[in-house]
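Student: Could we go through a few parts of this structure together, taking one question at a time?

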Amino acid sequence: MRIAPQPGERIDRRKPFTFEYDGAKITGFEGDTIGSALYAAGRRVFSRSFKYHRPRGLLCCSGDCPNCMMTVDGVPNVRLCVEPVRDGAVVRAQNVLGSLERDLLSVVDRLGGPFTPVGFYYRTMIRPRRLWPVYERFLRNVAGLGRVGGADGHARRYDTEHRRAEVLVIGGGGAGRQAAAAAAAEGRQVVLVDERGGVTAGGPYEVLAPARALGIYEGGLVPVDAGDVLYRFRAERIVVATGAIEQPLVFPGNDLVGVMLPNGVRRLASEWSIKPGEHAAIVSVDDNGLEVAEDLRRAGTEVARVVDLRAERPVHLAAVGRRGRLSRLVVDGEAVDCDLLVMSGGRQPAYSLLAQSGARVEYDPQRGIFVPTDLPPGVEAVGSAAGELGPAAVPAASFDGGRNRGRSFVCVCEDVTEKDLKRALAEGFDSIELAKRYTTVTMGPCQGRLCHVSSIRLLARETETDEAAIGTTTARPPWSPVELGLLAGRHYEAAKRTPLHFRHVEAGATMMWTGQWRRPFDYGDSEAEVRAVHESLGVIDVSTLGKILVEGPDAPELLERLYPNRFADLAAGRIRYGVLTTDGGRIMDDGTIARLGDELYYVTTTSTGSESVCEWFEWWNAVWGYDVEIVNVTGALAAVNLAGPRAREALAGLTDADVSNDAFRYLDAKEISVAGIPCLGLRIGFVGELGYELHCPASAGEHLWDALVALGAVPFGLEPQRVLRLEKAHIIVGQDTDSESNLLSAGMPWIVKLEKEDFVGKWAVEHLQERGVRERLVGFTMDVLPPEGAQVVRDGRPVGRVTSARVSERVGRVIGLAWVGPDRAEEGAAISIRVDGADHPATVTLTPFYDPQGELLRS
Amino acid sequence: MFLLACPHCGPRSVDEFKYQGEVTRRPPERPTLRELTDYVYFRDNVAGVQREWWYHGTGCGLWFVAERDTRTNEVLRTEIPEPSRGRTPAPVEAAVPDTPAV
């Protein structure tokens with residue numbers, strides 16, 4: 001129902017767009033929003049309210065209120081009034097059972113009224129307790145708005161981009177554009193962010209539109225939602241020009257379809273050339289509301305009644321409707337038929353972003369609004385957002401409807417009525433923060449835009465104080481609703497590849513993430529790879545191990561004080577296992593330490609621990625001031641572990657060095673040349689078989705790998721390695737230990753040398769020794785495979801948990817590690833582990849499952 | 001965002017640094033359990049000037065101490081702390097808090 005072009009018309013009637021709405025084809029023009037096109041096509045009901053499922057129509061037409069939220073192309077909660085029309089868009093109503101016109105859930109409004117006051121389900125749906133599953137199902141179904149994903153869900157890619165601006169202007173209204181132009185004229189680099197996309201680009205400053213500033217964080221960080229990209233702006237100067245928000249009035253029937261705010265009507269009539277209604281009435285506290293009369297007359301709408309609240313003080317005011325649609329306005333008993341009611345409760349500066357940045361908010365009793373003051377450095381407010389608004393009367397907190405007893409809504413998002421707020425007060429929720437949490441007023445999609453002031457005014461009246469005493473609630477980001485996908489956008493974290501990465505890919509390995517590293521899970525057959533290590537020869541890429549050189553006159557003393565065991569007495573060319581703990585006693589990381597010379601140690605760490613261990617070393621070195629250099633050489637070296645009964649024979653074939661058991665003993669470190677590559681050879685055995693770790697320059701890694709594979713070494717991945725190490729009951733820090741684990745509970749008292757004067761974590765161990773540990777890490781065997789995290793139970797109650805479990809062919813049973821009570825930490829103790837709801841017996845073992853004496857390692 | 005003056009590199013963006021909490025005092029002798037708990041887990045959390053550890057992680061790798069006003073992020077000074085090597089406490093024992101989860 002378009003009318004002749006209006007003076008401010010923004011549509012181009014030569015460019016039609018057609019979209020689908022609940023099965024029907026609707027046509028709009030360029031410049032239209034989906035909302036305006038639907039209104040022009042005669043649609044009046046745009047949503048059903050959150051709780052009562054009352055029909056709701058366009059209210060603000062500015063993207064502030066929740067009344068026109070629908071699902072567009074699978075994206076829920078799109079505000080149609082600001083969503084531009086586009087060809088082929090599929091628009092669906094949400095939060096309805098049936099259709100917008102006949103929503104079966106509206107029964108809540110008709111019958112449920114007396115039964116669904118505020119806080120109803122907090123009190124009612126807690127008993128009887130056994131009915132909770134029924135309640136929960138019901139509540140989950142009715143809670144929330146719209147549905148995410150599903151069959152018509154959407155898959156989109158979101159990105160994050162870091163940007164800088166000398167001046168960031170938020171809001172593209174008159175004041176915002178003026179501020180942007182002024183700053184640009186001074187030669188500043190200016191970016192203007194506008195929600196509605198009404199600002200034309202190409203001027204002296206950059207325009208981002210439609211885009212929404214979500215908040216102002218510390219240090220001038222402003223996240224800007226631009227649809228598929230989240231810009232993280234850092235700005236030297238932030239100019240907030242977010243304007244003012246038209247406020248509704250609180251009276252019975254104020255949510256009926258046909259009750260609108262001035263700007264909504266103005267935009268319908270003048271920007272989109274649509275006749276907003278046949279007969280209109282206006283109730284206003286300011287000129288802003290009264291001025292709409294002119295737009296209405298031009299559009300051919302009869303203005304039947306104007307109530308200027310500055311001149312008139314009606315006692316009774318109510319809107320009356322049929323089937324949720326406005327039919328008349330009743331002022332002090334005098335009824336006026338109308339299908340459009342323009343209400344204006346004044347304009348409130350949109351101060352939220354300013355308050356987030358640290359500004360104070362002050363109540364202005366003359367105009368009845370909250371105004372931002374005391375802006376922090378670097379933040380400015382201009383225009384209406386700063387409180388530059390014309391005079392207005394302070395509206396009554398609410399109007400009594402007299403004989404017309406409809407609901408008076410304070411918050412249309414959450415369906416909170418005047419009665420609900422009064423009830424919350426009566427129950428003692430008498431501060432605005434408490435009333436907000438109890439009734440959820442201001443917590444809906446509009447985030448208080450339309451209900452914040454009303455609720456404060458109502459609370460002030462009811463508690464007989466003033467608005468300044470009530471104060472405002474804390475403004476928090478996000479200021480505008482944001483898609484979760486945008487917040488989870490790609491951050492481009494680096495992936496680390498080892499020098500041997502492409503050998504694994506070529507060999508068909510299944511690659512997996514371990515921290516930032518990409519590592520082979522296996523090469524297709526974990527079991528065969530385990531067997532190869534046990535029976536013949538395997539090779540695994542362990543380049544991910546952290547590798548740190550610790551060198552200097554004080555190196556022995558530094559390590560003595562960082563580790564619980566001794567390193568000063570370690571002979572050159574020998575290796576010792578070490579565990580790092582904090583002063584709280586927590587296990588941080590583990591690895592091997594090889595002494596390469598009097599003042600030089602080579603420390604390895606876990607794959608994810610190299611950076612934190614290096615920092616840890618440097619930190620303590622700074623504290624104590626030792627003469628030590630610490631160098632992280634993780635990325636410079638490749639490392640492989642050659643393991644299996646044939647390891648020595650294979651190594652001997654590639655080196656001239658004497659690798660006999662006497663010359664290269666278990667826990668020896670030797671510099672040897674392997675396949676022509678200078679290597680540091682470490683004879684250690686994480687996987688339990690005779691083995692050598694060979695560390696060499698990264699650039700030579702592939703050559704070394706190829707030479708070993710050519711000799712018949714079978715590449716094995718992380719999964720077979722995990723089986724093999726579990727057979728030896730070797731722990732993985734972080735997998736088998738957590739933030740509570742200490743050396744005594746993890747079964748490593750042998751590593752603690754309490755006779756040392758000091759080491760980090762010593763005192764914690766001493767106290768633990770006196771007090772005893774609450775849990776112990778033990779091995780277990782059983783016949784079913786429990787998932788990692790399975791519970792150890794006793795008398796039906798959890799008393800521990802499984803941290804690792806695998807089927808071991810070699811042991812012939814399921815083996816694993818678990819935390820149990822200290823009384824169960826005995827060889828042969830019986831425990832129960834819950835798998836799929838049934839309790840299965842398991843037997844505790846305190847020695848490795850395979851080669852308990854370590855004879856193979858020494859052979 | 002603010003600038004932090006690394007004693008080696010001069011003023012750099014705070015993004016280059018890792019914050020490691022307020023400077024605490026590591027007990028010089030074996031503490032009681034209460035003293036140990038206090039040192040490991042409790043922090044003063046002042047609203048005001050605080051001495052704290054920073055690590056120039058993406059820069060030179062230096063650990064240093066800064067005095068920062070926690071209310072305004074104003075950094076009053078940065079310095080390389082005097083080392084405290086032995087068991088006998090130096091006048092200002094520059095000790096370290098427990099790390100967060102590593």
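This is a predicted model: local features need pLDDT of at least 70, side-chain atom pairs count only at pLDDT 80 or more; totals for chains, interfaces and linings use all residues.

Student: Which residues of helix α16 of chain A are buried?

Tutor: Helix α16 of chain A spans residues 526–535. The cover over its buried residues includes β29, β30, β36, β40 and α21 of chain A. The buried residues themselves are A:Ser526, A:Glu529, A:Val530, A:Ala532, A:Val533 and A:His534.

Student: Why is one side of β15 and of β17 of chain A left without a neighbour in the sheet?

Tutor: In chain A, four strands in the order β15-β21-β16-β17 make up an open sheet with parallel pairing. Since β15 (259–260) and β17 (302–308) of chain A stand at its edges, one side of each has no neighbour in the sheet, because each has a single partner strand.

Student: What angle does the direction of helix α8 of chain A make with that of β17(A)?

Tutor: Helix α8, residues 292–299 of chain A, packs on this sheet and touches β16, β17 and β21 of chain A. Its direction and that of β17(A) make an angle of about 175°.

Student: Which residue in β39(A) stands opposite A:Leu680?

Tutor: Strand β38 of chain A (residues 677–682) pairs with β37 of chain A (residues 669–674) in the antiparallel sense over six bridges, and there A:Leu680 has A:Glu671 opposite it. β38(A) also pairs with β39 of chain A (residues 691–697), again in the antiparallel sense, over three bridges. In β39(A), the residue opposite A:Leu680 is A:His695.

Terms used:
Residues are numbered from 1 along each chain as its sequence is written. Chains are lettered from A and ligands numbered from 1 in the order in which they are written. Two strands pair if DSSP finds at least two bridges between them. Helices (H or I, at least four residues) and strands (E, at least two) are DSSP runs, numbered from the N terminus. A residue is buried if 20 or more other C-beta atoms lie within 10 Å of its own, exposed if 12 or fewer, and partly exposed in between; C-beta atoms are placed from the backbone. Two residues are in contact if their C-beta atoms, placed from the backbone, lie within 7 Å. Axes are lines fitted to C-alpha atoms, for helices over the stretch in contact, and angles run from 0 to 180 degrees between N-to-C directions.
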